[in-house]
Every structure is written in structure tokens, then in C-alpha cells.
Amino acid sequence: MYDLVVIGGGPAALAATFYAASKQLDVAMVYEELGGKIGWLQSLAGPDLHAYLPGNELAHLLTIRATTQGGRSIDDCVLSVTVSDSTFNIGTARHGTLQSRTVLVATGATPLQLQVPGVAELVEGSVGYSISTYAHVVRDQSVVVVGGTARALSGAAELATSARQVYLVAPNPVAMNAPLGQALRQHPKAELLDGWEVTGVVGAHEGIDVMVERQGQARTLSVQRVFVALGLIPNSAMVRSLVKTDANGFILVNRFHETSVPGLFAAGDVSSIFGEHVLTAIGDGARAAMTAYDYLLAQRVVGCV
């Protein structure tokens, strides 16, 4: 039986596994894809990711440390997590059922994709899904933000501090009445396009053209970059029947990364503490592993383990 099973392969999971190993815990990290956010940002940003993503080198170092120590990394898909008599049973696709005293879920969240013609061809250059990662590289550029979520509002406000022009295309502007949305309406560099939808993007000579429509009206926005913030889908399916989540499926945790189930912890973008930055995920993973370690120590003191 393991002391801790970490589910996920991103920065939060890697940091948690590294911390647990440093405490001599019998830990296993079960993942489908190493890198997590690093992995999908790499696919979206191309080979220059290291120039923009703080924490990239640290995440790669953690990857090496976590995967070169025998038996600690398991390439597999976790299908379910159940608990019986304080023992967690982690059902996997190829390695059967793993048993552990504690579990840490750090499976991240998947961004909703912009499904319009032209996006796939530009996704490694001018189209991205993480505003906070690239906000500092848009100085004096024109950009489009697609989405009416709170995350889209926050991203558009951050971009407006350095970009030349920010267009916020909000097909379903659910957050526009928030104070930040009202402030953006007054910002000289921001234009909010409520109810408009992106119908396609085309690579242009010095950027891209974004076609938008609303009730028969059509416009073309000529910009250098497009950021998509339509929302995130938490990868929490394996524990949704076990722990409390919010309406969107993000695992509810307290500031110690404890869930509603004793011995089960969550960190990173799959949890209700959302950070999006790699460095934040690394810190969250380490903190969650510290809490799991304290939980195991308490169990041992009272003779339960």
C-alpha cells in the first residue's frame, strides 16, 4: 500500500511527488501526460515557450527528479477513486487497483476550444489559451480576447495595461456587469463587443484577421494575437462522486488543500483555488503534499497507520 498516490502529471503533481519523496513517503504519481499545463501550452505556443513561461525550467527539473526514481511514476489513466475503511482504492486502466492511505488530485483543467475555421492553423503562433502567460509580450499590439467569463474580463484588463488595443468579443457576456466589466467599458484602449461571435480567423501579412458577426452585422478585426478564454473544464471526473465540487466540477478545498473527504487532497487548476501560473501550481502542489504528510503523521501518532 502506498502512503500517497498523486493523480496527474503537471507542475502541481510533480511538486507534490517530489516533496513526498523528500519525506521518504512511499509515493506514486499516476499520469496520462507528463507536463500538464506545460504540455498543452507547449503545443499552443511552439518552441519559444521557455522564453515566456516562468517556472518552465523548474517544472522540467521536477519532471526529471520525479520520473527517474524507480516505481514512483505510473503512465496510466485513473478511472475511479473510492474509499473503504480509510483506504483509498484508485482504479486504473492498465495497472489494476492501487491502494493508498492518502490521495492528491492534481489533474488540472482543460480550456474550451474556439471551434471556428482557421484557428487550428494559427494555434502555434497567434492564437493562445493562457492570457496571463503571454500578457507581457503584447506591448503596443492589437489583440482579441474571446469570452465573456470572469477570466476573460481579468485577462482583457491585464492586456489593456500594455497592448495598443484590446477587443473583448463576448458571445455570452455573463460577467460584463461586474465592476471590472464596467471599468473596461470606460477604458480608452478597450472595446467590448457584447453578443458578437467569432466566425473565423485568417492569417494576414502582419497578423491575423478575426471575423465577427452579430445579428447580421459583420466586422473584421485586424490584430496580432487572439486569446481564448471561453472557460475551463476541470479534470475531476474520477472523484466527482466522492468529494464536494462547485457547480462546474472544480474540487472544493480549503487553504490547506483539504477536500470534504479526510485523506483526499487537491491542488492546481482542478481545485477551487485557481492560479493558472505554473509557479503557483508548483507551490500549491508542495503545500498539498505537506498537508498530506501532516495527515499521515497524525494517523501514525494515534496508531491508525
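**A walk through a predicted protein model**

Residues are numbered from 1 along each chain as its sequence is written, and side-chain values use heavy atoms, with hydrogens and water left out.

Asp3 sits in strand E1 (residues 2–7); helices (H or I, at least four residues) and strands (E, at least two) are DSSP runs numbered from the N terminus. Leaving aside residues up to four places away in sequence, Asp3 touches Leu25, Asp26, Ser100, Arg101, Thr102, Leu296 and Arg300, a contact being heavy atoms within 4.5 Å.

Two of those partners, Leu296 and Arg300, lead us to helix H8, which covers residues 278–301. How far apart are the end C-alpha atoms of H8? They are 35 Å apart, which agrees with the 34 Å that its 24 residues should span at 1.5 Å a residue; the expected span is 1.5 Å times one less than the number of residues. Among the buried residues of H8 are Val278, Ile282, Tyr293 and Leu296.

Now step back to the whole chain. The protein chain has 8 helices and 17 strands, and buried residues make up 54% of its 305 residues. Of the contacts with a separation of 6 or more, 59% are between residues 24 or more positions apart.

Most residues other than glycine have a negative phi. Ser86, although not a glycine, has a positive phi of about 65 degrees, and it lies in the loop between strand E4 (78–84) and strand E5 (87–92). Ser86 counts as exposed because its relative accessibility is 53%. Asp140 is also not a glycine and has a positive phi of about 65 degrees; its loop lies between helix H5 (131–134) and strand E9 (142–146). At 53% relative accessibility, Asp140 counts as exposed.

Key: This is a predicted model: local features need pLDDT of at least 70, side-chain atom pairs count only at pLDDT 80 or more; totals for chains, interfaces and linings use all residues. Buried means under 20% relative accessible area, exposed over 50%, partly exposed in between (1.4 Å probe, protein chains only).
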